[in-house]
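Colleague: I would like to learn how to read a few features of this model. Please take me through them in turn.

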Amino acid sequence: MIDFELSPKIKQTQKMLRMFAEQALRPIARHFDENEHEKPEDLLKMVHSFMKGGLGGSLSGGKSKEEEKGGEKKKSERNLATAVTVEEIFWGDAGIALAFPGPGLGGAAVQATGTPEQKERFLARFQGEKPVWGAMAITEPEAGSDTANIRTTAVKDGNEWVLNGEKIFVTAGKSALEDSEGFVVVWATVDPKAGRAGIKPFIVEHGTPGMKITKIEDKMGIRCSDTVSISFMDCRIPEDNILGSPEVIDTTKTKGFKGVMATFDATRPLVAAMAIGVGRAALDFLKDTLASEDFQVRYPISPNRMTAIERDIIEMEANLKAARLLTWRAVWMLDNGQRNSLEASMAKAKAGLAVTQITQKCVELMGPLGYSRKYLLEKWMRDAKINDIFEGTGQIQMLITARNVLGFGRDKLK
Ligand SMILES: Cc1cc2nc3c(=O)[nH]c(=O)nc-3n(C[C@H](O)[C@H](O)[C@H](O)COP(=O)(O)OP(=O)(O)OC[C@H]3O[C@@H](n4cnc5c(N)ncnc54)[C@H](O)[C@@H]3O)c2cc1C
């Protein structure tokens, strides 16, 4: 049975993180928005030593394990705990949260597609004393939503793979490449004729010759997080840095590419949780400001007696709760070893759209105060939008949802 009553342990973590978000992140949020590409180094070190056994490991999301306790099997709540953690930290600040060290999307790809030996080899480094960053590069100038169009190639040469191509918009790419233990998971085709089946993930480690940052983005929101373009020119990596099997199994199917989907099953609900954190920040700010002027929403009254602002606030709260319930269902399924592709896409589609609308509405209702840089509300409006773009846009999540619900393949519903 699905039970969304949070365990005492998660509630305690939630309370602690709320304090951390309020006291450590909020006061520096504006500085790191205005000074893009600067990072709160001391805070990031502190976060790493505090979270390396918890969030740092679990931000990569992933398959649940049944945990053994006193001889009894106990269901994992790792992904639910991560979603709650992510919401609280992103309530504090989305840009700084995205700059936190950890496996990130790269770790999620290793978790979803690596062999047990590869997971041990590449994920253990995130538990060490030093903060480490992972990143994942799928997007290319000609391949965004249409990932089958990936042109980066990986050609086997002796006991190495040789990568050539260009990746754009890689979150934490700079952090991962500058970090002596960092890596980027690069999706490249081993057989361009094989379509999706030929696309495989490769680990490219810090310092590999032929891998170079070619551009650092200047962004609208999440400005503390670095986003870069990376080129690969005759970039040689060891043959066992391909994640999973090099075999192109069935070119009529999407076998090789299933790893991307498995990665997203784990991370899309977390992007939804990020969105919810930002949306809640905006809504809390609006309600607190109104409360300071003695305005309270009269919840029990009938809709035809409500004021327009009461109706707006109640609608925003309902949308945020709906997004959270979809998100918690998606992570609950992961924790219980169930396939959650549909639910992960539903959660991300709902949360991305809801917070884009909520943050805009809050700015509108606050009037000039919403637009002023004196408060963080205008920043949250800028930060929120990315949740409707990366890891698959809102439109693509709705397309995946429609395909699943209607039972149509990619060929029928494009
Ligand atoms: C700040 C930031 C960080 C990012 N981080 C990463 C990262 O770490 N790794 C990575 O690989 N990528 C990353 N990305 C890239 C991101 O995932 C892509 O931008 C996204 O998938 C969309 O691809 P695109 O930009 O090529 O847009 P396009 O695919 O060209 O889409 C343009 C518009 O058309 C719509 N559209 C496209 N196809 C359809 C369709 N079939 N039906 C309806 N609408 C459609 C889209 O929804 C969108 O609105 C990041 C992007 C940003 C902005």
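Modeller: Start with I222, which sits in the loop between β8 (211-216) and β9 (227-238). Helices (H or I, at least four residues) and strands (E, at least two) are DSSP runs, numbered from the N terminus. Residues are numbered from 1 along each chain as its sequence is written. The model is predicted: local features need pLDDT of at least 70 and side-chain atom pairs count only at pLDDT 80 or more, while totals for chains, interfaces and linings use all residues.

Colleague: Is I222 buried or exposed?

Modeller: A residue is buried if 20 or more other C-beta atoms, placed from the backbone, lie within 10 Å of its own, exposed if 12 or fewer, and partly exposed in between. I222 has 29 other C-beta atoms within 10 Å, so it is buried. Its phi is near 35 degrees, a positive value in a residue other than glycine.

Colleague: Where does H37 lie, and what is its phi?

Modeller: H37 belongs to the loop between α1 and α2 (41-51). Its phi is near 75 degrees, again positive in a residue that is not glycine. H37 counts as partly exposed because it has 13 C-beta neighbours inside 10 Å.

Colleague: How are two packed helices described?

Modeller: By the angle between their axes and the distance between the axes. Axes are lines fitted to C-alpha atoms, for helices over the stretch in contact, and angles run from 0 to 180 degrees between N-to-C directions. Here α4 (residues 78-92) packs against α10 (residues 308-335) at about 150 degrees, with the axes 7 Å apart. The two helices are therefore roughly antiparallel, a term for angles over 145 degrees.

Colleague: Which residues make the contact between α4 and α10?

Modeller: Two residues are in contact if their C-beta atoms, placed from the backbone, lie within 7 Å. From α4 come R78, N79, L80 and A83; from α10 come T327, W328, V331, W332, L334 and D335. By class, six are nonpolar, two polar and two charged. Ala, Val, Leu, Ile, Met, Phe, Trp, Tyr, Cys and Pro count as nonpolar, Asp, Glu, Lys and Arg as charged, and the others, Gly among them, as polar.

Colleague: What does the domain assignment give?

Modeller: Such bounds come from an automatic or database assignment. For this chain they are domain 1 (8-102), domain 2 (134-249) and domain 3 (257-406). The contact between domain 1 and domain 2 takes 10 residues from domain 1 and eight from domain 2. On the domain 1 side, α5 gives the most, with five residues.

Technical notes: Parallel < 35°, antiparallel > 145°, perpendicular 65-115°, else oblique.
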